[in-house]
Amino acid sequence: MVALRERPASGLELARRFERSIGFFWSATHQQIYKVLGRMDRDGWVVVTEVEQDGRPTKKVYAVSPLGEQALADWLAEPVEAAPMRSELAVKMRGASFGDRAAVLDVVRANLADHATRLDHYRQLEKRDYPRPEQLSGIDLDHHLVLRGGILMEETWVAWLTDYLEAHS
């Protein structure tokens, strides 16, 4: 619903937005997106507009209804449980002494490369989209601060995995 409040969209457009930006923090398959859109439609949380397309099937565009706006506002105000760190990689690192340490180090190196790539991507997005963060407000500030959270998380992963690898070199 947050994505639809930002901008009404078809299911396919939502899926693409999940792949490009939202998906960095919350993932959903095309199937999940369409299932949730159907449920939100049944619950009256969205308004569906059918848009004719040349040579293609009619597209359904979803926008949040007033009832959906209230449901979203209620959900946003609900407390959130602290998310414990659950990491299969951390368990492998902890248990490396019980198996093939070289194989575990390879897994750590691969994860380090993934996190470094993601960190670089986030930093590029920040530089491109938010060159003057001190001037941001409203939704732009919210988007930037979530991106900053992603940057900080990736910096932590990179530092931690680097420390682990250096300790075992």
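Colleague: How much space lies in the second largest pocket?

Modeller: In this predicted model, the second largest pocket holds about 370 Å³ of space.

Colleague: Which residues lie nearest the centre of that second largest pocket?

Modeller: Met-85, His-115, Met-153, Glu-154 and Trp-157 lie nearest the centre, out of 14 residues that line the second largest pocket. The elements giving two or more residues to this lining are H6 and H7.

Colleague: Which element gives the largest share of the lining?

Modeller: That is H7, with 6 residues in the lining of the second largest pocket.

Colleague: And by class, what does the lining of the second largest pocket have?

Modeller: There are 7 nonpolar, 4 polar and 3 charged residues in the lining of the second largest pocket.

Colleague: Turning to the largest pocket, what is its volume?

Modeller: The volume of the largest pocket is about 1900 Å³. Its lining counts 44 residues, and those nearest the centre are Val-2, Ala-3, Phe-18, Ile-22 and Trp-26.

Colleague: Which helices each supply at least two residues of that lining?

Modeller: At least two residues each come from helix H1 (2–6), helix H2 (11–20), helix H3 (30–42), helix H4 (66–77), helix H6 (101–129) and H7.

Colleague: How many residues of the largest pocket's lining are charged?

Modeller: The count is 11 charged residues, beside 28 nonpolar and 5 polar ones in the lining of the largest pocket.

Colleague: Where is Val-146 placed, and is Val-146 buried or partly exposed?

Modeller: Val-146 sits in helix H7, which covers residues 138–167. Its relative accessible area is 43%, so Val-146 counts as partly exposed.

Colleague: Let us change topic to charges. How many salt bridges does a search of the whole structure find?

Modeller: The search finds 9 salt bridges in the whole structure. Side chains of opposite charge can pair when their charged atoms come close.

Colleague: Start with Arg-5. With which residue does Arg-5 form a salt bridge?

Modeller: The partner of Arg-5 is Glu-69, and the closest N and O atoms are 3.3 Å apart. Because Arg-5 belongs to helix H1 and Glu-69 to helix H4, the pair ties together parts that are 64 residues apart in sequence.

Colleague: What is the relative accessibility of Arg-5, and what is that of Glu-69?

Modeller: Arg-5 has 46% relative accessibility and counts as partly exposed. Glu-69, at 35%, counts as partly exposed too.

Colleague: And which residue does the side chain of Arg-123 meet in a salt bridge?

Modeller: Arg-123 meets Glu-155, with 2.7 Å from N to O. This pair links distant parts of the chain, 32 residues apart, with Arg-123 in helix H6 and Glu-155 in helix H7. The relative accessible area of Arg-123 is 40%, which makes Arg-123 partly exposed, and Glu-155 is partly exposed at 28%.

Colleague: Last one: how far apart are the closest N and O atoms of Arg-128 and Asp-129?

Modeller: Those atoms are 2.6 Å apart, and Arg-128 forms a salt bridge with Asp-129.

Colleague: Is Arg-128 buried or exposed?

Modeller: Arg-128 is exposed, with a relative accessible area of 60%, whereas Asp-129 counts as partly exposed at 36% relative accessibility.

Technical notes
Residues are numbered from 1 along each chain as its sequence is written. This is a predicted model: local features need pLDDT of at least 70, side-chain atom pairs count only at pLDDT 80 or more; totals for chains, interfaces and linings use all residues. Side-chain values use heavy atoms; hydrogens and water are left out. Helices (H or I, at least four residues) and strands (E, at least two) are DSSP runs, numbered from the N terminus. Buried means under 20% relative accessible area, exposed over 50%, partly exposed in between (1.4 Å probe, protein chains only). On a 1 Å grid over the protein atoms alone, a cavity is a set of points where a 1.4 Å probe fits but cannot get out, and a pocket is an open set with protein on both sides within 12 Å along at least five of seven lines; lining residues have an atom within 4 Å of a point. Grid points are joined across faces, edges and corners, and a volume is the space filled by probe spheres set on the points. Ala, Val, Leu, Ile, Met, Phe, Trp, Tyr, Cys and Pro count as nonpolar, Asp, Glu, Lys and Arg as charged, and the others, Gly among them, as polar. A salt bridge is a side-chain nitrogen of Lys or Arg within 4 Å of a carboxyl oxygen of Asp or Glu.
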